[in-house]
Amino acid sequence: MPLRRTSPARPRLPLLALLGLALAALAPALRGGEAMAVIPAGAYRPIARATTDPEIVPVTAFRLDVLPVTNGEFLAFVTAHPQWRRSRVSPLFADETYLAHWAGDLDPGPSAALDAPVVHVSWFAARAYARSLDKRLPALAEWELAAAAGYDTPSGRDEPAFTRDLYAWLSAPTADPLPSVGAFRPDFHGVRALHGLVWEWVDDFDTAMVTGESRADAARDQNLFCGGAAASATDPGDYSAFMRQALRSSLKARQGTASLGFRCAADLPLPPSAP
Amino acid sequence: MKTSAFLLAALLPLLAAPAARAASCCAPALPAGEPLPAASLYQSEVAFTTDAGAAFTLADLRGRPVLLAMFFSSCAYACPATVVDLVRIKEKLPPALRDEVLVVMVSFDVERDTPAALRAFRETRGLPADWVLLRGENDSVREIAALLGVKYKREADGQFAHSNLVTVLSADGEIVHQRAGLSGGLDEAAAALVALQTLKH
């Protein structure tokens, strides 16, 4: 897939049309992100792998939230679990950036609309939120498998409309304030906004070791040649996957950023015993 | 009257259930006694099992300085070196402190490091009886690794790529020193333990 820069002189009309679509899509977002979609079993192909890494990671079918967690939903969580409020959270589980954009402990305020994705949340907080609903964070392989879907097929990279939207987002700065989670077109699995809104935590984010092998602590330099990862990449065209890889490897579990949110996953319930 | 008592009895478990879940998911309940420092790892409630098969939480370590490392028992390269380093750090300590410091090893290998595998590891490496060997489920191992800043990844051949970190914890579970890598740093780790001792007296 050729990497194209999006032209800065895009016509304005599609933008307006998109806005209309956004408004139409707002309704489900306001109902809350309870809905989950089933992501069928598949295989995740790590983009940059060491020779010791598997070529393909099999992923069993699982459930994934249709929408990222919103400020409104996170407000309900911190209301029910006071130890996760901004003023009370242990520095062990969240640094000083935690919910930094909220007006107060129980007041998201003007820069955090209730139907916008919650950001500035640490990995520990995201996990605690998921656990409070008997859910969990998706594994990296699960998230990537789901995010590979386009609008009409399980493989978005072959859909021009999908890749155009994806790269338009990647080339634009993070929206401020963030828009509603509902303003996104459902993908092939019925999931929304995996791309185009915020980056998302995965449970095993800290497996993204860009130096490949942190056992090489003593001889780190040889792992840091620029371009090394791309040279061994399975799909050098998948630029967005590289961006996610780079982001994940830079994160710490206590940290949040202005463009990092999350959504929850769950195992599929065991099928009822065969008749 | 009878009906309402019956109703209450029927409702009680329902009322209790969400509270119990909340506690297990995210309420870092402080143990009796002195409150834990804000940065204490012992606020985490992750559950582990010892090589003897006993349930164990990090807070069970409270009261003694700790030397902690993550490992997996089938590791051929870094982990044996880590065991040797833990022994050498202890040997550098004054005798009284040496007996007080608790050595803790937590396995990455959720699948293979059963309590029995850890017992075998203790035996083949000749580890002292007071060393604490722990295993946990994926969730617990991920959380303690994140708390310590240890990155790890299971490789296709079943080995683990992982950071080599030896962490010194205060008696209240605060990280006071971390030794990274596989060479050097033993004196500094021992000095951190001695400094803890000095602080206490």
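This report describes a predicted model with chains A and B.

## Model and confidence

Residues are numbered from 1 along each chain as its sequence is written, and chains are lettered from A, with ligands numbered from 1, in the order in which they are written. In this predicted model, local features need pLDDT of at least 70 and side-chain atom pairs count only at pLDDT 80 or more, while totals for chains, interfaces and linings use all residues.

The model scores are ipTM 0.74 and pTM 0.77. For chain B the mean pLDDT (the predictor's confidence in each residue, from 0 to 100) is 83, and 83% of the residues of chain B reach 70 or more. Residues 1–30 of chain B have pLDDT below 50; beyond near neighbours in sequence, this stretch has 21 contacts in the model. Here a contact means that the C-beta atoms of two residues, placed from the backbone, lie within 7 Å. Where pLDDT is low, the predicted coordinates should not be read in detail.

## Chain A overview

Chain A contains seven helices and seven strands. Helices (H or I, at least four residues) and strands (E, at least two) are DSSP runs, numbered from the N terminus. Along the sequence, the pattern in chain A is α-β-β-β-β-α-α-α-α-β-α-α-β-β.

Chain A has 275 residues, of which 39% count as buried. A residue is buried if 20 or more other C-beta atoms lie within 10 Å of its own, exposed if 12 or fewer, and partly exposed in between, with C-beta atoms placed from the backbone. Among contacts in chain A between residues at least 6 apart in sequence, 77% join residues at least 24 apart.

## Helix α4 of chain A

Helix α4(A) is mostly covered, with eight of its eight residues buried. The buried residues include W143(A), E144(A) and A146(A). Their cover includes β1 (36–39), β2 (42–44), β3 (57–59), β4 (62–65), β5 and β7 (265–267) of chain A.

L140(A) belongs to this helix, which spans residues 140–147. L140(A) is buried because 22 other C-beta atoms lie within 10 Å. Leaving aside neighbours within four places in sequence, L140(A) is in contact with V202(A), D204(A), F205(A) and T207(A). L140(A) and D204(A) are 64 residues apart in sequence, and their C-alpha atoms are 6.0 Å apart in space.

## Nonpolar core

The largest nonpolar core has 111 residues, and those with the most contacts inside it are A125(A), A126(A), A146(A) and L67(B). Its largest share, seven residues, comes from α3(A). A nonpolar core is a set of buried Ala, Val, Leu, Ile, Met, Phe, Trp, Tyr and Cys residues joined through C-beta atoms within 7 Å.

Leaving aside neighbours within four places in sequence, A125(A) is in contact with W84(A), F93(A), A94(A) and Y98(A).

## Backbone exceptions in chain A

Most residues other than glycine have a negative phi, and most peptide bonds are trans. D134(A), which is not a glycine, has a positive phi of about 60°. D134(A) is in the loop between α3 (123–132) and α4 of chain A, and counts as exposed because it has 10 C-beta neighbours inside 10 Å.

A193(A), also not a glycine, has a positive phi of about 65°. A193(A) lies in the loop between α5 and β5 of chain A and counts as buried, with 25 C-beta neighbours inside 10 Å. P177(A) lies in the loop between α5 (160–170) and β5 (199–200) of chain A. The peptide bond between D176(A) and P177(A) is cis, with omega about 0°.

## The sheet of chain B

Chain B has an open sheet of seven strands in the order β2-β1-β5-β4-β3-β8-β9, with mixed pairing. Strands pair if DSSP finds at least two bridges between them. β2 (55–57) and β9 of chain B stand at the edges with a single partner strand each, so one side of each is left without a neighbour in the sheet. Neighbouring strands of this sheet are turned by 30° against each other on average, direction ignored.

Five bridges join the antiparallel strands β8 (residues 165–169) and β9 (residues 175–180) of chain B; L165(B) has A180(B) as its bridge partner. β8(B) and β9(B) form a hairpin with five residues between them, and G173(B) in the turn has a positive phi of about 85°.

Helix α4 (residues 115–125) of chain B lies across β1, β4 (102–107) and β5 (132–135) of chain B, and runs at about 150° to β5(B). Axes are lines fitted to C-alpha atoms, for helices over the stretch in contact, and angles run from 0 to 180 degrees between N-to-C directions.
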